[in-house]
Amino acid sequence: MSSENLPQSPEQSTARPGTDPSGQPRKPRVAVVFGGRSSEHGISVVTAGAVLRAIDRSKYDVLPIGITTDGRWALTADEPDRMAIADRKVPSVADLAESAEGGVVLPVDPGNREVVYSEPGTVPKALGEVDVVFPMLHGPYGEDGTLQGLLELSGVPYVGAGVLASAVGQDKEYMKRVFTSFGLPVGPYLVIRPREWQREEKEARQRVADFAGEHGWPLFIKPARAGSSIGITKVDSFDGLDEAIAEAQRHDPKIIVEALLRGREIECGVLEFEDGPRASVPAEIPPVQAHDYYDFEAKYIDSTPGLVPAPLTPEETAEVQRLAVAAFDAASCEGLVRADFFLTEDGQFVINEINTMPGFTPISMYPQMWEKSGVGYAELVDRLIQAALSRSTGLR
């Protein structure tokens, strides 16, 4: 890509952050980072497209940066319409990158927020300072605290949870351990680590047998650190266990086994306001025809509209909102969270998981819940950017 086609920025000097070289105020610059190395790459691209479309360009300058599946940070086209699911196929950063070889570099220097673009055989080009990053990554290498750690080292504010909360929110085992320590109700589960499966397979199988004997079939075999229902298998007996474990381990060497919880699937959004986190109206995920459970295709390809607000009693609504905020606080979250629950047949709420960067298209459940709570999509995006701009990096 020739240098004349790169995003232009004022020459950098000793200007203060948020000002041009003459010291005059400028619009905050938002880097929307998406894609990534996880199996949720395509969904991240779809989500970022919706956010790019919603950002108020009269208020912010925007720099789209895509991370390819092999980890290259690419300068991408600012074309949200190309970032949608088409013909049942999710998009990729490779489809959007301006160059097959060029890369974007964020300096790991708290005193320098200038992003640089380079490609082989050319002089690196300064793209200007970034004031805040909106990380639209899902899954490992982005939503799990790794990107957040890089941004902390760089001193660049960012939207959403910090390093610890991001890591806890990604790892289903430690998420449940944190919730349990705070007295929040979680369902029965067990964890099989890679070393255990490799060296003590017989003992691991016996643990699963004992678990099934106590809680019954079916069981859900999941990657411990993946999302978007990728790699999950519902197994009805030992006959399908090996295949299910192999599928989960394609995405994560650590797996989690969960018992079936019979009941309704309820979700609740949490958003951080000036006076603290607040819960949205909850939503219910109805069963999707032709799907045994809420898997990837049910979520993103054959999805049916959720019920927003969920048909709950006032007491049930208040309880799930209380638990959602409690989960947000227990994991030390910031910015936003979608908390997912089961309302069991005996009328108890059990928290399944939290998502520190939930699906964020206008038809995703998190924005829909806030739309019904009085915060529209564009306002939601703006609130998150403003909250990140007002928050420092480092210990807080």
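In what order do the strands of the open sheet of 4 strands stand, and in what sense do they pair?

**Figure 1. Overview of the predicted model.** The structure is a predicted model, in which local features need pLDDT of at least 70 and side-chain atom pairs count only at pLDDT 80 or more, while totals for chains, interfaces and linings use all residues. Residues are numbered from 1 along each chain as its sequence is written, and side-chain values use heavy atoms, with hydrogens and water left out. The secondary structure comprises 12 helices and 16 strands; helices (H or I, at least four residues) and strands (E, at least two) are DSSP runs numbered from the N terminus. Of the 396 residues in the protein, 53% are buried, where buried means under 20% relative accessible area, exposed over 50%, and partly exposed in between (1.4 Å probe, protein chains only). The protein exposes about 17600 Å², of which carbon and sulfur atoms supply 50%; accessible areas come from the Shrake-Rupley method with a 1.4 Å probe, and for residues only the protein chains shown count as cover. Among contacts (heavy atoms within 4.5 Å) between residues at least 6 apart in sequence, 65% join residues at least 24 apart.

**Figure 2. The open antiparallel sheet containing strand E11.** The 4 strands have the order E8-E11-E9-E10, with antiparallel pairing; two strands pair if DSSP finds at least two bridges between them. Strand E8 (189-192) and strand E10 (233-235) each have a single partner strand and stand at the edges, so one side of each lacks a neighbour in the sheet. From one strand to the next, the twist averages 25°; axes are lines fitted to C-alpha atoms, for helices over the stretch in contact, and angles run from 0 to 180 degrees between N-to-C directions. Helix H7 (residues 201-215) packs on this sheet and touches E8, E9 and E11, its direction making about 170° with that of E8.

**Figure 3. Strand E11 and its two partners.** Strand E9 (residues 219-223) and strand E11 (residues 255-259) run antiparallel and are joined by 5 bridges. Pro 223 has Ile 255 in E11 as its bridge partner, and Phe 220 stands opposite Glu 258. E8 pairs with E11 in the antiparallel sense over 4 bridges, with Tyr 189 also opposite Glu 258. In E11, 5 of the 5 residues are buried, so the strand is largely enclosed by the rest of the structure. Ile 255, Val 257 and Ala 259 point one way from E11, whereas Ile 256 and Glu 258 point the other way.

Figure 4. Strand E2 (residues 61-67) runs antiparallel to E3, the two being joined by 3 bridges, and Gly 66 has Ala 74 in E3 as its bridge partner.

**Figure 5. The buried face of helix H12.** Helix H12 (residues 377-389) has 13 residues and reaches 19 Å from its first C-alpha to its last, close to the 18 Å expected at 1.5 Å a residue; the expected span is 1.5 Å times one less than the number of residues. Its buried residues are Tyr 377, Leu 380, Val 381, Leu 384, Ile 385 and Ala 388. Seen down the axis of H12, these fall within an arc of 130°, so they line one face of the helix; the arc is that of the directions from the helix axis to the C-beta atoms. Their packing partners include strand E1 (29-35), helix H1 (41-54) and strand E12 (263-273).

Figure 6. Strand E5 (residues 114-118) and strand E6 (residues 125-129) run antiparallel and are joined by 4 bridges, with Tyr 117 opposite Lys 125 in E6. The hairpin has 6 residues between the strands, and Gly 121 takes a positive phi near 80°. Asn 112 lies in the loop between strand E4 (103-105) and E5. Asn 112 is partly exposed, with a relative accessible area of 29%. Its C-alpha atom is separated by 8.4 Å from that of Gly 155, 43 residues apart along the chain.
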